[in-house]
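I opened the notebook to look up the pockets in this structure and what lines them. The entries follow in the order I made them.

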Amino acid sequence: MQPKSASIMECPVGRAVETVGEWWSILILRDAFQGATHFDEFEQSLGIAPNILSRRLAHLTETGMFVRRRYSERPPRHEYVLTPKARDFFPVIATLLAWGNRHLAPKGEAIVLANRDDSRPLDPVVVDAIDMHPITLANAVVIPGPRASRGMRRRLASLKAMNPAVAPAGE
């Protein structure tokens, strides 16, 4: 675990990284979105050491991403079921997949996200739920929320690129 400074843990991005930022966790969630629920399914798919997998599954369960349910009494076996909190993480995986295809697949896409009904490739973008406009670095800023501490308010006021008082960084 990384040290938990107040400014990092007050920030939603810091808290999210604390929950799912370790790369094995993101790959475990990816596999869960693809249907894996059993320890051996994750282990086989990822080629991960059992002790590391056990720690990551325990962490994801403790942080509310999975519910651990027994599916066999003898021997005792558990499955890991995605929670609504974890399902809300799916768009992050979808945008990582699209970003990876766009920037890290020089020979072409090995995996494409597609519409379930007609297999049409999807190109995810993050949009504002009110006006449906894409959210970009040029049109987004961060402002203090109602529960922001004085330290967080100072930090946000000192920002350059995402400060409302500073001209946009551009595209």
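Entry one: the lining by residue class. I worked from a predicted model. For the largest pocket, I sorted the lining residues into 13 nonpolar, 2 polar and 2 charged.

Entry two: position and size. I looked up the volume of the largest pocket and found about 480 Å³. I listed 17 residues in its lining. Nearest the centre of this pocket I noted Gln34, Phe90, Ile93, Leu97 and Leu113.

I asked which helices each supply at least two residues of the lining of the largest pocket. I wrote down helix H3, residues 23–33, and helix H7, residues 90–104. H7 gives the largest share, 5 residues.

I then checked which elements give two or more residues to the lining of the second largest pocket. Helix H2, spanning 12–20, and helix H8, spanning 150–158, are the ones I recorded. The largest share of this lining comes from H8, with 3 residues.

In the lining of the second largest pocket I have 12 nonpolar residues, 1 polar and 3 charged.

Notes:
Residues numbered from 1 in each chain as written. Predicted model: local features only at pLDDT ≥ 70, side-chain atom pairs only at ≥ 80, totals over all residues. Heavy atoms only, no water. 1 Å grid on protein atoms, 1.4 Å probe; cavity = no way out; pocket = protein on both sides within 12 Å on 5 of 7 lines; lining within 4 Å. Points joined across faces, edges and corners; volume = space filled by probe spheres on them. Helix = DSSP H or I, 4+ residues; strand = E, 2+ residues; numbered from the N terminus. Nonpolar A, V, L, I, M, F, W, Y, C, P; charged D, E, K, R; others polar.
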